[in-house]
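Colleague: I have the two chains open. Can we go through them together?
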Amino acid sequence: MTTVETAVGTTKTMVLNMGPQHPSTHGVLRVLLELDGENVVSAVPDIGYLHTGIEKSCEDKTYSQVITLTDRIDYLNPLGNNLVYCLAVEKLLGLEVPKRAQYIRVMLVELQRISSHLVWLGTHAIDMGAMSVLLYCFREREEILKIFERFSGQRMMTSYIRIGGVALQAPAGWRAQVKSFLEMMPARIDEYEALLTENRIWQGRLKGVGYLSPETLVAMSTTGPGLRAAGIAYDNRKSFPYSSYEEFDFDVPARTESDCYARYLVRVAEMRESLKIVRQAMDKITDEGPIRAEAPGIVPPQREKMKTEMEALIYHFKIFTEGFSPPPGEAFVAVESPRGELGCFIASDGSPKPLRVHFRSPSFINLQALPKMVEGQLIADTVASIGTIDIVLGEVDR
Amino acid sequence: MTQLANANANAVVEQLRAWNPQAVAQVIENRGETTIVVPCELLRAAAQHCKENPALNFNLLSDVTCVDRFPVEPRFELNYQLVSIPRRERIRLRTSVSTQHPVMDSLVPVWPGANWLEREVFDLFGVRFEGHPDLRRILLPESFEGAPLRRDFPVEGKR
């Protein structure tokens, strides 16, 4: 029994359940709050309501079948999940991905980052009472989802990033669509800032709330915007570049105040940096070129070849019936998801199905710091703190 | 994919060996990643050394994972991913515990962030962590019986 549960039934403090059904917990998160009036004496998160055994299911599927499961872990960052998993498998295989495919991956993952931050901003704002911002953010997110639909046929669970590259060739008309998005977006971000950044109520609700020192954050294994808002500019795209990020010119925004307001500023600045990266990626992607590595036995052959050449047909058949077997060993790859360090650990035993797939999910780990952020503050600040961590329960629970 | 990560991997092994030669039972280099296999009774001290030695400075515990190597003994292989943020380096420490005695020292005294990570391993694999302040299930309901991520637990579950 937790310390909070022992307080149930006493008269000094009251224990309230926040969640698992609650609009401000952003998913099925239950937080047991021990309250003294409106002050939070202690808070204990209770998770697992969205646990669907994804990691166990991965062990029962071939390496390429796992990709569709990865979309659903952090459901606001499906391309990021695809990417980290595919990078880990490619590492196990020693597979080189063609540059053009890497640039497409970078462009789409950065668009995904913007769309994720838009959801974060919209929901965080509506938690604080700024209802219009939600609709404005979702309006821009629609444009990004339309881009994803053009590329992959899917708005969210794209499974577009595959082992060796990306699933399909870049569609006709993609450049014009991305360009018009890039032209529209900066002014929209200015709009959000005009509504929020200097707003007295916004500042009043967020400044000084949910403070954690940088030492505490590192000790609690927090990564992502929460850590960068405390002054530690740790970003996997810069520290351990992957998928050609070293070729892109962008900054890593950081602040030092380490409160909810600083995290807000960091994420808004990150949206602007992502726009820079998308523009550079768009310029780097040539109109023609490969989208997947040439790796017979691992990457399925082109459909035309499969229909005309015997060898290609046999490879296709073997890949989709037996699957491919990476050499035994382990690999851990981490990418920078909108929430922090998203890692994928794969252990291979030389069979077509992975022995173990584990996702180091930033939301799960960042959520540990919630009690420290929240104890001693008001319930209203709890709502701000949960929002500022930016959790996605699919990733917390897997 | 560039690998800045392990240019100095040998330096890490050297430092650990200099601190305690028995801490490094085996070094595995694969695909640019370095794994140091540490005997389980020395792992907490070795991890603490990795954190506190200024030449190593692995200040962030990124991940704690378990791999069930059933039917090979020792069965539960624990993998600890450490990151040195200032030195931009990653290292993996590995140890194993057996089926008969699936107990490991908790790293919570070294990194408070190990709390939920170890609870997850306890929940899904049944490995206990000595010295953990709050070792109970985290993802599964309290009433759940068994350790579902063990290899001998069926994917569809038990009825």
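Predicted model: local features only at pLDDT ≥ 70, side-chain atom pairs only at ≥ 80, totals over all residues.

Colleague: Chain B to begin with. How many helices and strands does chain B have?
Modeller: Chain B has 3 helices and 7 strands. Along the sequence they run α-β-β-α-β-β-β-β-α-β.

Colleague: And how compact is chain B?
Modeller: Chain B is as compact as a globular protein of its length, because its radius of gyration is 16 Å, close to the 15 Å that the globule rule gives for 159 residues. Along the principal axes, its C-alpha atoms fill a box of roughly 50 × 35 × 30 Å.

Colleague: What share of the residues in chain B count as buried?
Modeller: The figure is 44% of the 159 residues. As for contacts in chain B with a separation of 6 or more, 50% of them come from residues 24 or more positions apart.

Colleague: I was looking at Ser239(A). Where does Ser239(A) lie?
Modeller: Ser239(A) is in helix α11 of chain A, residues 236-239. Setting aside neighbours within four places in sequence, Ser239(A) contacts Tyr234(A) and, across in the other chain, Arg88(B).

Colleague: Is Ser239(A) buried or exposed?
Modeller: Buried, because Ser239(A) has 22 C-beta neighbours inside 10 Å and the cut-off for buried is 20 or more.

Colleague: How far is Ser239(A) from Ile285(A)?
Modeller: Their C-alpha atoms are separated by 24 Å, and the two residues are 46 apart along the chain.

Colleague: Change of topic. What domains does chain A have?
Modeller: The domain assignment gives domain 1 (3-46) and domain 2 (54-397). Taken over C-alpha atoms, the centres of domain 1 and domain 2 of chain A are 31 Å apart. Each domain puts 17 residues into the contact between them.

Colleague: Which strands of domain 1 are involved there?
Modeller: β2 (30-36) and β3 (39-46) of chain A each supply at least two residues of the domain 1 side. The largest share of that side, 7 residues, is from β3(A). Sorted by class, the domain 1 side has 10 nonpolar, 6 polar and 1 charged residues.

Colleague: Last one, the nonpolar core. Which residues touch the most other members of the largest core?
Modeller: Ala88(A) and Val333(A), out of the 155 residues in the largest nonpolar core. Helix α5 of chain A, residues 99-128, provides the largest share of this core, 14 residues. Domain 1 and domain 2 of chain A each contribute at least three residues to this core. As background, nonpolar side chains tend to be buried together in soluble globular proteins.

Colleague: What is Ala88(A) in contact with, leaving aside its neighbours within four places in sequence?
Modeller: Ala88(A) is in contact with Ala331(A), Phe332(A), Val333(A), Cys344(A) and Ile346(A).

How values were computed. Residues numbered from 1 in each chain as written. Chains lettered and ligands numbered in written order. Helix = DSSP H or I, 4+ residues; strand = E, 2+ residues; numbered from the N terminus. Rg over C-alpha atoms; globule rule 2.2 N^0.38 Å. Buried ≥ 20, exposed ≤ 12 C-beta atoms within 10 Å, placed from the backbone. Contact = placed C-beta atoms within 7 Å. Core = buried A, V, L, I, M, F, W, Y, C linked by C-beta atoms within 7 Å. Domains from an automatic or database assignment. Nonpolar A, V, L, I, M, F, W, Y, C, P; charged D, E, K, R; others polar.
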